[in-house]
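Please look at the sequence and the 3D structure shown below. The paragraphs after it take you through the structure part by part.

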Amino acid sequence: MGMSTDHGRLVPTRAVMYRGGTSRCLVVHTPDLPAQDPERLRQWLVAVYGSPDVREIDGVGGADILTSKFAHAARSARDDADLDYTFIQVGIAEPTVSLQILCGNISSCIAPWAIEEGLVPAVEPVTTVRIFNTNINKVFTAEVEVVDGRPRVDGDAHIDGVPGTAAPIHLDYTETWGARTGRLLPTGHVVDTMSVPGLGEIEYSVVDIAGTQLFLRAADFGLTAAESPAEIEAMHETLRKIRAARAVVTHRLGFSTSVETADVESPGSPFALLVGPAVERVSFTGARIGVEENDLVAFMVAGGAIHKAYPGTAAIPTAVAACVDGSLVNRLSRARRGDLVRIGHPSGVFPVTARLDQDGTDITVTRASYMRTARRIMEGNVFVSTTRVPWLDRTLSHPVAVAPIADADSVVVHLEAALAS
């Protein structure tokens, strides 16, 4: 039977599915977004991903914070950038979206995507792409190996949490410090203290580079930081205390009007990162990791969920914090080998290059970078029903098609322009 246009239509938007690092997302050209304002974009995104639903069964989301991610990008008008890129975390059980954070893993797929889409000229053997990220209003760079005018696919680079090997993509976040707070050390101190109900007085450190992140000592919560995600997610009282600590710091940083409203007003920043000394452990994928293979162990808490690997925008500040004399992370970390900081996480080890000059709290970051891999998985149209998003039916005059929306420019407004207005 045919589908009656009186009872809804499926509206297509061209999209590419990419794996970026240990995460996965859809990437869309910014001008192709079927939204006229941030609220309409939210409605479209939750429909695309199939939320709210813990399985995200009616969309492309994978029922995991690592796969419920979205990105859009376009050529940049800035002199210091080639692309403008926005990352969005899509809610799973709730119909929400967040633009508060940058995803470092997804960031690894933006440069190869842009080369393949013709937004950036391919330069052999390596194309350097300058990317302005609208989430943190900073520029970072990505270096992509290119062969025959296209991003190289095969290679011997491996990252824990992803099977096999691929061509490396090098990301440099050196110039992204102070994005939200204006300072590498937002509190002005390498270590601060706070009182948490049920715990008493505990120490913490905050670092702002690639993202503003909160570091807590795992032992203060009865943990080693080497527990499995499933083990930690079952510790409801422990997660409550971690959430309480994050709320205190979120308010102190001025990200929320009160401790009580921290989860609502700033759910994604800062991350709560629990850190402990290096220990022998078994990874999420079943690999045994010796104590000598990492300099510290850490995990990230997002609401009540534990990241099964480690975010790139947590890895950069973790590595920098490990280099800051006297910080909580520095005191828990083993002596480093040169500029490399090896962060143990649930899926393995995340090596980060970090280098800085320090005189007390006067710190200059001279290098903050890491390597990821990425892969184009599929491309085509993602469909949203006008039954679920009725305004789509009012903006389009043609029925469902297998090609991209022809008159997208007339129905779309750049998200950042809408936010600014």
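In helix H4 of this predicted model, the buried residues are Thr238, Leu239, Lys241, Ile242, Ala245, Arg246, Ala247, Val248, Val249 and Thr250. An α-helix has 3.6 residues a turn, so residues three or four places apart point the same way. H4 runs over residues 236–252, which is 17 residues, and at 1.5 Å a residue these should span 24 Å. After H4 comes glycine 254, which has a positive phi near 85 degrees.

The buried ones are Gly104, Asn105, Ile106, Ser107, Ser108, Cys109, Ile110, Ala111, Pro112, Trp113, Ala114 and Ile115. Just after H2, glycine 118 has a positive phi, about 80 degrees.

Now step back to the whole protein chain, which has 10 helices and 21 strands. Its radius of gyration is 21 Å, close to the 22 Å that the globule rule gives for 421 residues, so the chain is as compact as a globular protein of that length. The C-alpha trace spans about 65 × 50 × 45 Å along its principal axes. Of the 421 residues, 55% count as buried. Among contacts with a separation of 6 or more, 64% are between residues 24 or more positions apart. The accessible surface comes to about 17,200 Å², and carbon and sulfur atoms hold 52% of this. The chain has 37 positive and 50 negative charges, whose mean positions are 2 Å apart.

Tyrosine 370 sits in strand E20, residues 362–372. Its relative accessible area is 4%, so tyrosine 370 is buried. Leaving out residues up to four places away in sequence, tyrosine 370 touches several others, including Gly104, Asn105, Ile169, His170, Gly312 and Phe350. Two of these, Gly104 and Asn105, are also among the buried residues of H2.

Histidine 345 belongs to strand E18, residues 340–345. With a relative accessible area of 3%, histidine 345 is buried. Beyond four places in sequence, histidine 345 touches Asp160, Arg281, Ala298, Ala309, Tyr310 and Phe350.

Threonine 22 lies in the loop between strands E1 (10–20) and E2 (23–29). Is threonine 22 buried or exposed? Its relative accessible area is 11%, and buried means under 20%, so threonine 22 is buried. Among the residues that threonine 22 touches, not counting those up to four places away in sequence, are Asn105, Asp160, Ala309, Tyr310 and Arg372.

Finally, consider the backbone. Most residues other than glycine have a negative phi, and most peptide bonds are trans. The bond from glutamate 124 to proline 125 is cis, with omega near 5 degrees, and proline 125 is in the loop between H2 and strand E6. Serine 269 and proline 270 are also joined by a cis peptide bond, with omega about 0 degrees. Proline 270 lies in the loop between helix H5 and strand E13.

Alanine 63 has a positive phi, near 60 degrees, although it is not a glycine. Its place is the loop between helix H1 and strand E3, and alanine 63 is partly exposed at 33% relative accessible area. Aspartate 148 also has a positive phi, about 55 degrees. This aspartate 148 is in the loop between strands E7 and E8, and at 69% relative accessibility it counts as exposed.

Definitions and conventions: Residues are numbered from 1 along each chain as its sequence is written. This is a predicted model: local features need pLDDT of at least 70, side-chain atom pairs count only at pLDDT 80 or more; totals for chains, interfaces and linings use all residues. Side-chain values use heavy atoms; hydrogens and water are left out. Helices (H or I, at least four residues) and strands (E, at least two) are DSSP runs, numbered from the N terminus. The expected span of a helix is 1.5 Å times one less than its number of residues. Buried means under 20% relative accessible area, exposed over 50%, partly exposed in between (1.4 Å probe, protein chains only). The radius of gyration is taken over C-alpha atoms; the globule rule is 2.2 Å times the number of residues to the power 0.38. Contact means heavy atoms within 4.5 Å. Accessible areas come from the Shrake-Rupley method with a 1.4 Å probe; for residues, only the protein chains shown count as cover. Lys and Arg count as positive and Asp and Glu as negative; His and the chain ends are not counted. The place of a charge is taken as NZ of Lys, CZ of Arg, CG of Asp or CD of Glu.
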